Amino acid sequence: MAATPVRGLGHSVERKEDARFIRGKGTYVDDVVLPGMLHMELLRSPYAHARIRSVDTTRAAAPPGVVAVVTGELMVQHNLAWMPTLSGDTQAVLATDKVRFQGQEVAAVIAEDPYIAKDALELIDVDYEPLGAVTTPQQAIAPDAPLIRDEKEGQT
Amino acid sequence: MTETTISSGTAAAPARTPLTVTVNGEARSAEVEPRLLLVHFLRQTLALTGTHVGCDTTSCGACTVLLDGVPVKSCTVLAVQAQGRNVQTVEGLAVGGQLHPIQEAFHQDHGLQCGYCTPGMMLTATAFLAENPQPTDEEIRWALSGNVCRCTGYQNIVKAVQSAAAVLRERS
């Protein structure tokens, strides 16, 4: 078969970006280091559904290298506690009144080093009041099902 | 860009231990916390960012490096466990600017797209081919089953490992 000129269609084209990737020289977001860069770690809820009575960050904010401990309450003060989702819903950035799923973000630690940030997570004292959880669709439609999204009451 | 204001206190010095590891043939020493993970020693202490953290839970294999020639997931190895041992990372695959056959093959056979899993794939593959120079596709898939790719697909990765195997057989 006669060679046809490469015009981009019907031919394999050698990738130009491979050179750096196969040498470990790519720059992914996690590879970026900037002057004064800080690191964030998130504290997540162990409960699927619980009221947050209080979040005490006093101990977490104390260690050297911890720059800030952010809670839902602080987000409320800046009117940033809730964010829109792509599906037209709203979602808590950091939980305020309640946690609505296991693993929900409750607080964030910002520190000079990721290890310091992770250590500080363990010093955040959250007082939870566990509430009934819903783990199956059948439970969710039961008449006495716990109301998880109480901020949506009357909106369906 | 203004520099971010950071707190006045500096990090309290946690207990540190001297560590020397041969990384890609070069002895590298540092004082590290005993709990420092090998992947963080490579990425942060030595600035070898070719080793990636994918899942942080030993599931994905992106952080795979060779410890005395054996693939390990460096997010689950303490740096101090590598004391006095040899670590090979993706940065050590090419020698004198000459790509390793596995690197050449991943490029030629389109064994990568985003490239995030590629260093781990290539290191697992080189260790595997050292043990099994003439593998079947099935054996390659087993060997790479601890390394997850989420974009290229495994078809071309297996193809690349076969190509590299052929080149390596010719050389030996």
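Student: Quick one on A:Y47: buried, partly exposed or exposed?
Tutor: A:Y47 counts as partly exposed, at 33% relative accessibility. Buried means under 20% relative accessible area and exposed over 50%, with partly exposed in between (1.4 Å probe, protein chains only).

Student: What should I know about the model and the numbering?
Tutor: It's a predicted model, where local features need pLDDT of at least 70 and side-chain atom pairs count only at pLDDT 80 or more, while totals for chains, interfaces and linings use all residues. Residues are numbered from 1 along each chain as its sequence is written, chains are lettered from A and ligands numbered from 1 in the order written, and side-chain values use heavy atoms, leaving out hydrogens and water.

Student: How many aromatic pairs are there over all chains?
Tutor: The search finds 3. Rings of Phe, Tyr and Trp (its six-membered ring) pair if their centres lie within 6.5 Å; planes under 30 degrees apart are stacked, over 60 edge-to-face, and the rest tilted. One of the pairs is A:Y28 with B:Y116, edge-to-face at 4.8 Å centre to centre and 85 degrees between the planes.

Student: Why does that pair join two chains?
Tutor: Because A:Y28 lies in the loop between α1 and β1 (39–44) of chain A, and B:Y116 in the loop between α2 (101–108) and α3 (118–131) of chain B. Helices (H or I, at least four residues) and strands (E, at least two) are DSSP runs, numbered from the N terminus. A:Y28 is buried at 15%, whereas B:Y116 is partly exposed at 21%.

Student: And which ring does A:Y47 pair with?
Tutor: A:Y128, with ring centres 5.1 Å apart and planes at 65 degrees, so that one is edge-to-face. A:Y47 is in the loop between β1 and β2 (50–56) of chain A and A:Y128 in strand β8 (residues 125–130), so the pair ties together parts 81 residues apart in sequence. A:Y128 is buried, with a relative accessible area of 13%.

Student: Switching to the interface. How many residues are in contact?
Tutor: 23 residues of chain A are in contact (heavy atoms within 4.5 Å) with 33 of chain B. The two chains bury about 2,500 Å² between them, 53% of it on carbon and sulfur atoms. That's the accessible area (1.4 Å probe) that two parts lose on being put together, summed over both.

Student: Which three residues supply 29% of what chain A buries against chain B?
Tutor: A:I22, A:Y28 and A:Y115, more than any other three residues.

Student: How many salt bridges across there?
Tutor: The rule, a side-chain nitrogen of Lys or Arg within 4 Å of a carboxyl oxygen of Asp or Glu, finds 3 across the interface. One of them joins B:R35 and A:D119 at 2.8 Å, N to O.

Student: What does A:K152 bridge to inside chain A?
Tutor: A:D89, with the closest N and O atoms 3.1 Å apart. A:K152 sits in the segment after α5 (137–141) and A:D89 in the loop between β4 (82–84) and β5 (90–92), 63 residues apart.

Student: What about A:D150, which lysine does it meet?
Tutor: A:K98, at 3.4 Å, N to O. A:D150 lies in the segment after α5 of chain A and A:K98 in strand β6 (residues 98–99), so the pair ties together parts 52 residues apart in sequence. A:D150 is partly exposed at 28%, whereas A:K98 is buried at 1%. Salt bridges that share partners join both residues into one network, with A:D89 and A:K152 among the other members.
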